[in-house]
Amino acid sequence: MKKILVTLLLLSLTFGAVFAQGVGEASADTYPSGPVSVIVPYAAGGGTDLIARALVDAAKGNFPKNITVENRTGGGGAVGMSYGANAKPDGSVITMITVELVTLPHTGTGAGLYYDQFEPIMMLNSAYSAITVKADSPYNTLNEFLDAAKTKNMRVGNSGVGAIWHLAAAGLAKTAGVNFNHIPFDGAAPAITSLLGGHIDAITVSYAEVDSQVRAGNLKVLAVLAPERISATPDIPTAKELGYDVAIGTWRGFGVPKNTPKAIVDKIYSFFSVAAQSPGFIQYMANTNNIIDVLDGAEYGKKLAVDNAMFKALIDELGLKQQ
Amino acid sequence: MKKANFVVSGIFAAFALAIIIIAKGYPPSNHGVPGPGMFPIIIAVLILVSALVLFIKTLKMPVTSDTKIDLKSRSILNVYISMGGLILYTALLPTIGFVTSTSVMLSLYIKWFSHRPWWKTILIAVLFTLGIYLLFGTVLNVPMRFGIIF
Amino acid sequence: MLVEVLSSVFNLQIVFFIIVGVFTGICIGALPGLTATMGVALVLPLTFGMDAIPGILLLIGVYVGAIYGGSISAILLRTPGTPAAAATILDGYEFSKRGESGRALGISTVSSFVGGVVSVIALWLISPQLAKLALRFSAPEFFLLAIFGLSIIASISGNSLSKGVLCGALGITLSFIGIDSITGYPRFVFNNINLLSGMSFIPVMIGLFAMSQAFTTIETIFTPDQVTQKISKVWPSKSDWKVIMRQGPISGVIGTIIGIIPGAGAEIGAFVSYGQAKKTSRHPELFGTGIPEGIAAPEAGNNGVTGGALIPMLTMGVPGDAVAAILIGALTVQGLQPGPLLFTEHTTLVYSIFLGMFIANVTMLVLGLSSLKLFVKVLSVPKGILTPMIFILCVVGSYAINTNFFDVGVMLFFGIVGYFMQKADVSVSPAVLGLILGPMAESNFRRALLMSEGSYSIFFSSPIAWIFLLLTIVTLVGPTIGEMARKKRQS
């Protein structure tokens with residue numbers, strides 16, 4: 001009996017949270033006629049949250065009835081994104097969508113989430129995987145490393161099983177026709193620490209995360225899995241230049257629920273794209289080693305579809321699909 | 001105490017069996033690396049053994065060292081009522097709204113526990129609720145506006 | 001560097017937050033039923049909107065203040081304000097019976113300060129070295145460290161080892177919920193999206209510690225509050241100073257060492273220090289009759305734990321006690337991952353924590369010697385008003401962490417579970433150890449085998465691994481051998 005009561009209580013709490021949303025009018029001319037909330041599916045203070053807050057801060061002049069950031073964490077981002085996808089399609093709830101939107105559904109832990117539930121507004125920033133080894137590692141180029149991987153079982157650290165950097169390593173291995181021994185850690189920092197201690201052979205986290213150790217001379221980056229060289233590090237080659245056509249990275253952007261009027265979507269895009277060019281935001285992104293990479297809604301929508309197909313194939317191949 | 005120990009060992013043993021049944025269905029080990037089910041089963045076995053030890057120890061325990069646990073007296077009933085009140089409060093909170101439900105709930109508890117005059121009770125409750133609302137909602141940016149009323 | 005640290009700590013805002021933290025901490029600690037863990041957990045949501053340094057120092061202030069504040073009610077009311085002050089009752093209340101509560105509080109204040117400062121010095125000297133050593137720690141070493149920490153359950157469970165193990169195992173079981181960190185397989189989630197990322201640690205803690213305690217308070221809600229006696233002359237006499245200066249540093253060091261051991265908290269630090277002081281004393285028979293050593297030892301010991309607990313927390317991301325576990329949460333929220341990288345990439349922050357913690361101890365000394373009367377007043381807040389307010393703080397605190405009502409339900413559930421566990425005489429502390437160290441043991445065990453491709457020899461491949469293996473065996477077998485030796489001597 002008690003168990004039933006508790007279950008009922010928990011259920012009502014969950015549903016209560018879903019239905020308790022702010023109200024706003026769905027009209028493009030008067031938008032934003034009420035307070036707008038930006039859903040961040042990750043914890044306050046984390047990288048994604050801080051970028052969202054910096055952009056919202058730059059755009060808040062366009063939202064006279066107030067715009068606030070709300071963190072809805074859980075499920076590796078699935079909780080917050082599902083909440084945002086099921087909000088009223090009137091622009092009153094904007095969601096920060098991340099690459100997990102196109103990876104979680106394929107690992108079977110997306111709780112019904114799918115990328116087409118969102119109308120993409122714009123992509124804001126991107127970060128690509130950097131193949132990083134210890135500074136005293138015998139491998140000086142990506143080719144040396146991958147050649148060695150043909151005979152030796154390379155231990156490649158990532159920030160979590162099924163996380164984007166795991167997929168990046170897997171994507172590289174697939175393209176190069178080798179096998180890695182993927183070692184998952186709880187986040188990027190423990191993986192970097194383990195590499196520094198010489199317990200693993202390489203890591204595939206983003207360049208921003210290893211930047212300080214590379215500058216300190218403890219680590220070296222063999223290549224980035226980016227479509228073109230990163231402007232902050234023009235001397236690091238891309239894998240594509242070296243003959244391995246693979247570009248995998250994370251991105252962050254904004255979306256509203258499907259069926260939101262086109263005029264409202266355009267209005268939000270105009271507000272946010274201007275905010276992304278503001279000196280304060282540019283300064284913030286430069287200070288935190290983040291790369292601004294703006295795509296408009298149409299381009300972003302194409303990227304979502306392409307990435308979704310690519311990650312589906314990779315995840316199926318890795319056997320990461322659960323249940 | 002004896003009875004409580006039996007109940008504790010019984011509940012934990014049942015709990016452990018449930019874990020084993022669920023975890024047996026998890027994917028097996030892979031190339032010598034234990035699968036997701038291995039640790040839950042180890043811990044469940046540990047729970048079973050400890051529950052058994054507790055059971056036997058309690059059986060052997062001399063009756064003289066037994067102490068009674070109070071679960072039915074008036075003061076314990078108050079605890080159950082408080083728990084019920086809180087369950088109701090947390091269930092209604094998301095639909096009604098923070099300020100209203102919290103003020104009402106606080107007033108009732110304070111009135112019940114401390115027998116102050118109504119006006120004082122309500123004043124304390126409302127001031128405290130508004131203080132928390134402002135602190136979390138305004139200063140700390142926690143979304144506190146939910147529910148139908150306020 | 002030095003200039004940066006000094007300027008980051010010595011500004012009005014930071015010092016203000018430290019003072020607020022210590023003040024709040026002393027009040028929380030002084031109130032029976034409000035523990036240090038609970039205080040830090042309840043203040044944690046306030047730091048989300050703050051910068052890293054003031055946020056962490058606010059929490060550390062609460063921690064330091066609460067561990068000291070527990071002695072106030074221990075001495076005056078014969079009720080420990082926090083479990084850490086339980087040992088202080090033995091001699092502390094004897095002083096009050098003689099009408100010397102002011103003297104006892106003075107000794108407690110200065111001893112706490114001495115113990116705290118010793119631990120801050122240890123933190124400052126040891127952590128940077130340990131951070132370098134921490135790079136040598138890989139999955140097998142972390143696994144064995146976690147197992148060593150878990151073996152402590154055996155020594156803190158007191159008279160009922162089986163109950164301690166049951167409770168610890170319950171904590172470990174909770175940590176299974178969610179996506180498995182090695183294979184990505186969702187375990188025990190029952191198709192509930194809220195369970196996918198696992199049980200939120202903080203709501204469970206608030207439930208087990210704060211909410212369950214508040215329920216226990218309801219049992220005696222209608223019995224009148226105790227009246228405290230007037231206190232006078234807090235400043236210790238010359239002879240008391242001598243005792244504090246002799247015993248304080250020793251107990252501070254003991255407390256620091258206990259703090260470093262994962263899982264062992266301030267209450268153990270206090271009892272071990274008290275035992276050591278009694279054992280090495282020339283007049284052990286006087287302990288328990290109200291002698292200054294009987295206050296100086298446990299109070300320096302429990303505040304010694306505060307700095308010690310931060311050492312493994314900052315250097316390796318391994319919590320020294322339950323409070324340190326919450327502090328890890330506080331740092332992660334700020335985007336900072338405790339571990340050796342913290343020392344190279346956020347040096348200013350690390351040294352600001354050291355300096356801020358020292359200031360927190362000074363603040364504690366000053367507040368303790370100057371405003372004790374105020375804190376004694378806190379003891380007279382009627383529990384009929386305080387308890388409902390604690391209910392609200394528990395609810396709002398667990399909601400604020402993820403702004404998810406599911407967490408409120410989790411908190412309430414564990415509040416009720418914790419209440420009945422207390423009834424059945426099952427201590428909740430091992431559950432916390434299990435919740436923290438369980439996932440660390442499991443994921444590193446499997447990660448190690450992943451790295452070695454299934455070979456178990458990896459667990460015996462480094463001296464560090466051997467050290468933890470031996471320490472674990474000593475912890476598990478030591479008490480039994482000691483017992484046997486004692487029985488032999490007696491017969």
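A salt bridge is defined here as a side-chain nitrogen of Lys or Arg within 4 Å of a carboxyl oxygen of Asp or Glu. Side chains of opposite charge can pair when their charged atoms come close. Over all chains of the structure, the search finds 24 salt bridges. The structure is a predicted model, in which local features need pLDDT of at least 70 and side-chain atom pairs count only at pLDDT 80 or more, whereas totals for chains, interfaces and linings use all residues. Residues are numbered from 1 along each chain as its sequence is written, chains are lettered from A and ligands numbered from 1 in the order in which they are written, and side-chain values use heavy atoms, with hydrogens and water left out.

The chains are described in turn, beginning with chain A. Helices (H or I, at least four residues) and strands (E, at least two) are DSSP runs, numbered from the N terminus. Chain A contains 11 helices and 11 strands. Its radius of gyration is 21 Å, close to the 20 Å that the globule rule gives for 323 residues, so chain A is as compact as a globular protein of that length. The radius of gyration is taken over C-alpha atoms, and the globule rule is 2.2 Å times the number of residues to the power 0.38. Along the principal axes, the C-alpha atoms of chain A fill a box of roughly 60 × 60 × 30 Å.

Within chain A, R229(A) and E241(A) form a salt bridge through their side chains, at 2.7 Å from N to O. Both residues lie in the loop between strand 9 (219-224) and strand 10 (249-257) of chain A, so the pair ties together parts that are 12 residues apart in sequence.

Domain bounds come from an automatic or database domain assignment. For chain A, the assignment gives domain 1 (30-126 + 250-318) and domain 2 (130-224). The centres of these two domains, taken over C-alpha atoms, are separated by 28 Å. Nine residues of domain 1 of chain A are in contact with 10 residues of domain 2 of chain A, where contact means heavy atoms within 4.5 Å. Between them the two domains bury about 890 Å², 73% of it on carbon and sulfur atoms. Buried area is the accessible area (1.4 Å probe) that two parts lose on being put together, summed over both. On the side of domain 1 of chain A, N289(A), L314(A) and L318(A) lose the most area to domain 2 of chain A, together 49% of what that side buries.

One salt bridge is counted between domain 1 and domain 2 of chain A. E317(A) forms a salt bridge with K174(A), with the closest N and O atoms 3.6 Å apart. Helix 11 (residues 297-318) of chain A gives the most to the side of domain 1 that touches domain 2, with five residues. By class, this side of domain 1 of chain A has five nonpolar, three polar and one charged residues. Ala, Val, Leu, Ile, Met, Phe, Trp, Tyr, Cys and Pro count as nonpolar, Asp, Glu, Lys and Arg as charged, and the others, Gly among them, as polar.

Chain B has five helices and zero strands. The radius of gyration of chain B is 24 Å, well over the 15 Å that the globule rule gives for 150 residues, so chain B is more spread out than a compact globule. The C-alpha trace of chain B spans about 60 × 55 × 25 Å along its principal axes. Its domain assignment gives domain 1 (2-65) and domain 2 (74-139), and the C-alpha centres of these domains of chain B lie 39 Å apart.

Chain C comprises 20 helices and two strands. Its radius of gyration is 22 Å, which agrees with the value near 23 Å that a compact globule of 491 residues would have. The C-alpha trace of chain C spans about 65 × 55 × 55 Å along its principal axes.

The contact between chain B and chain C takes 65 residues from chain B and 55 residues from chain C. Together these chains bury about 5,300 Å², 84% of it on carbon and sulfur atoms. F39(B), M83(B) and F113(B) supply 12% of the area that chain B buries against chain C, more than any other three residues. Zero salt bridges are counted between chain B and chain C.
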